[in-house]
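Okay, thanks for coming, everyone. Let me put the structure up and then walk you through a few spots.

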Amino acid sequence: MSKGWKRAAIWTGCSFTVVIMAIGGYAWYMLNKVEDTVAAMYEEIAPERTLYVSQDNGLVLRTERDKEQILETSPLSQETNSTLRQEGAFTVLVMGVDEREHDRGRSDAMIVLAVNPAKPSVLMFNIPRDTRTELIGKGRIDKINHAYAFGGVEMSLRTVEHFLDYPIDYYVKVNMEGFANMIDIIGGIEVNNAFAFQHDGNVFERGPISLNGAKALSYARMRYDDPRGDLGRNTRQREILGKIFGKLLSISTLGQANELLENAGQYVRMNITFNEIKKFVLEYRTNVTSLKVEEISGQGQMINRVWYFNVNQQERDRIHALLRGHMEP
């Protein structure tokens, strides 16, 4: 497996650790513990969550119960049919959430992954958190990361489906506190900082720097002093993920593996089952060998004293076309 696919597999399987344990040196010894951890992380979405699909006259709101009928009537939903969507292909919404006591919080990071076993790469792109769009189920235009604050995973999924005009099959939700804990467990990471800045009382010098969990979160969250704003922040997030992945591959003690699994079980939630993870790893890993990263373009704008990231329809159509093309046979 190539480095790009391994990085993506961590996210899609169960965010960072479980897939590595499933295919690494501990494979069968750790299998039962991995299965228990995945069971603890499993959290199904509402069975009647709404599904947005495209028709000639615009977007039509449906429910999961209507999915079979939609497959027969909607141009978009035909992409999920075997004729236009490769059998076994799937999409994942990865959300890094900042939850606090008595506060659901917001999705601090939103990453979409598209996996097609017939293609040699995994398509990956961030949706900037300030993206201005309709929050589905709330009836208002707002920042896309507010969907989680108003309606949790369900509203986030519905809103992302609407924004991309494409269905999302799975979600992985990672609490940012757990993200920091995991970095501490693996002994921190090293990154190459493009420019010096300060954030949350932390000083980040230009060049190679070492980060513990708390500093890594601060490094990933800074955006107001970044010339590229949220896009620059997205780049740092992807860099951190890559560094974490490299450390995960070097795990050499059973005690450290157990600690990482316990951390994942406590802070990760998803609607991916253990059997699905095994299928993805065992059947896809030899076919998918790289990671293709795309970036959503847009323009910042102040509206009613609120800062938004505006993505025009042409760019949304481009991302939709990339996604659709990647999922085809």
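**A walk through the salt bridges and some buried spots**

Let's start with Arg 236, which counts as buried at 5% relative accessibility. By buried I mean under 20% relative accessible area, with exposed being over 50% and partly exposed in between, using a 1.4 Å probe and protein chains only. Before I go on, the housekeeping: this is a predicted model, so local features need pLDDT of at least 70 and side-chain atom pairs count only at pLDDT 80 or more, while totals for chains, interfaces and linings use all residues. Residues are numbered from 1 along each chain as its sequence is written, and side-chain values use heavy atoms, with hydrogens and water left out.

Back to that arginine. The side chain of Arg 236 meets the side chain of Asp 226 in a salt bridge, 2.4 Å from N to O. Arg 236 sits in helix 8, residues 230-249, and Asp 226 in the loop between helix 7 (213-221) and helix 8, so the pair ties together parts that are 10 residues apart in sequence. When I say salt bridge, I mean a side-chain nitrogen of Lys or Arg within 4 Å of a carboxyl oxygen of Asp or Glu.

Now, the next pair: Glu 295 forms a salt bridge with Arg 228, and the closest N and O atoms are 2.7 Å apart. This one links distant parts of the chain, with Glu 295 in strand 14 (residues 290-295) and Arg 228 in the loop between helix 7 and helix 8, 67 residues apart.

How many salt bridges does a search of the whole structure find? Nine. Another of them joins the side chains of Glu 328 and Arg 324, at 3.5 Å from N to O. Glu 328 counts as partly exposed at 24% relative accessibility, and so does Arg 324 at 32%. There's also a network: Asp 130, Lys 143 and Arg 223 are joined by salt bridges that share partners.

Keep Asp 130 in mind, because it comes back when we look at Phe 309. Phe 309 is in strand 16 and is buried, with a relative accessible area of 9%. What does Phe 309 touch, not counting residues up to four places away in sequence? Its contacts, meaning heavy atoms within 4.5 Å, are Pro 128, Asp 130, Thr 131, Arg 132, Leu 231, Ile 296, Ser 297, Gly 298, Gln 299 and Gly 300. For Ser 297, which is 12 residues from Phe 309 along the chain, the C-alpha atoms of the two are separated by 9.2 Å.

Arg 305 is in the loop between strand 15 (299-303) and strand 16 (306-310). Its phi is near 65°, a positive value in a residue other than glycine, and Arg 305 is exposed, with a relative accessible area of 82%.

Asp 200 is another one to flag. Phi of Asp 200 is near 55°, again positive in a residue other than glycine. Asp 200 lies in the loop between strand 10 (197-199) and strand 11 (202-204), and is exposed at 59% relative accessible area.

Who's in contact with that aspartate? Ser 218 touches Asp 200, along with His 199, Asn 202 and Phe 204, leaving out residues up to four places away in sequence. Ser 218 is in helix 7 and is buried, at 4% relative accessible area.

Over to helix 11, residues 313-327, where you'll find His 320. His 320 is buried, with a relative accessible area of 16%, and its side chain reaches the backbone oxygen of Asp 165 at 3.2 Å.

Last stop, helix 6. Seven of the 10 residues of helix 6 (residues 176-185) are buried, so this helix is largely enclosed by the rest of the structure. The buried ones are Met 176, Gly 178, Phe 179, Ala 180, Met 182, Ile 183 and Ile 185. Just after helix 6, Gly 187 takes a positive phi of about 85°.

That's my tour. Over to you.

Technical notes:
Helices (H or I, at least four residues) and strands (E, at least two) are DSSP runs, numbered from the N terminus. A polar contact is a pair of N or O atoms within 3.5 Å; within protein, one must be able to donate a hydrogen and the other to accept it, and residues adjacent in sequence count only if both atoms are side-chain atoms.
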